[in-house]
Amino acid sequence: MDLMVTIAAAAGVVAVLAGFVMVNIAKSVDETNMGFGVAFIGLLVVALCFILASIPQ
């Protein structure tokens with residue numbers, strides 16, 4: 001379980017970084033919104049991993 005949470009947290013961080021890269025290279029409002037959406041979902045994944053990691057096993 002710990003390894004799965006670590007991998008999910010890493011994937012969340014990658015999603016956040018990818019979202020901000022998408023925002024920086026966006027040429028339209030729709031692309032900007034999509035980039036912010038990807039970054040937000042990544043932040044939600046990271047927050048969920050912190051919650052799961054704090055639950056004692």
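Modeller: Helices here are DSSP runs of H or I with at least four residues, numbered from the N terminus. Keep in mind that this is a predicted model.

Colleague: Fine. How many helices and strands does the chain have?

Modeller: Two helices and zero strands. The radius of gyration is 13 Å, well over the 10 Å that the globule rule gives for 57 residues, so the chain is more spread out than a compact globule.

Colleague: What does the C-alpha trace span along its principal axes?

Modeller: About 45 × 15 × 10 Å.

Colleague: Let's take the helices one by one. How many residues are in α1, and what should they span?

Modeller: α1 has 24 residues, which at 1.5 Å a residue should span 34 Å; the end C-alpha atoms are 35 Å apart, so the two values agree.

Colleague: And α2, how far does that one reach?

Modeller: α2 has 26 residues and covers 38 Å from its first C-alpha to its last, close to the 38 Å expected.

Colleague: Which residues of α1 are buried?

Modeller: V5, G12, V16, G19 and V23. The buried residues of α1 pack against α2.

Colleague: Now the other side. Which residues of α2 are buried?

Modeller: On α2 they are G35, A39, G42, V46 and C49. These buried residues pack against α1, residues 2-25.

Colleague: What share of the chain counts as buried?

Modeller: 18% of the 57 residues. The accessible surface comes to about 4,200 Å², and 78% of that belongs to carbon and sulfur atoms.

Colleague: Where is the nonpolar patch on that surface, residue by residue?

Modeller: M1, M4, L48, I51, L52 and I55 form it, with about 590 Å² of accessible area together. Helix α2, residues 29-54, gives the most to the patch, with three residues.

Colleague: What about A10 and C49, how far apart are they?

Modeller: They are 39 residues apart in sequence and 9.5 Å apart in space, C-alpha to C-alpha. A10 belongs to helix α1 and counts as partly exposed, at 43% relative accessibility.

Colleague: Change of topic: F36. What does F36 touch?

Modeller: F20 and V23, leaving out residues up to four places away in sequence. F36 is in helix α2 and counts as partly exposed at 44% relative accessibility.

Colleague: Last one. Of the contacts between residues at least 6 apart in sequence, what share joins residues at least 24 apart?

Modeller: 55% of them.

Definitions and conventions: Residues numbered from 1 in each chain as written. Predicted model: local features only at pLDDT ≥ 70, side-chain atom pairs only at ≥ 80, totals over all residues. Heavy atoms only, no water. Rg over C-alpha atoms; globule rule 2.2 N^0.38 Å. Buried < 20%, exposed > 50% of the residue type's maximum accessible area, 1.4 Å probe, protein only. Contact = heavy atoms within 4.5 Å. Areas by Shrake-Rupley, 256 points an atom, 1.4 Å probe, with all protein chains shown as cover. Patch = residues over 30% accessible without salt bridge, like charges linked within 9 Å, V, L, I, M, F, W, Y side chains within 5 Å. Salt bridge = Lys/Arg side-chain N within 4 Å of Asp/Glu carboxyl O. Expected span 1.5 Å × (residues − 1).
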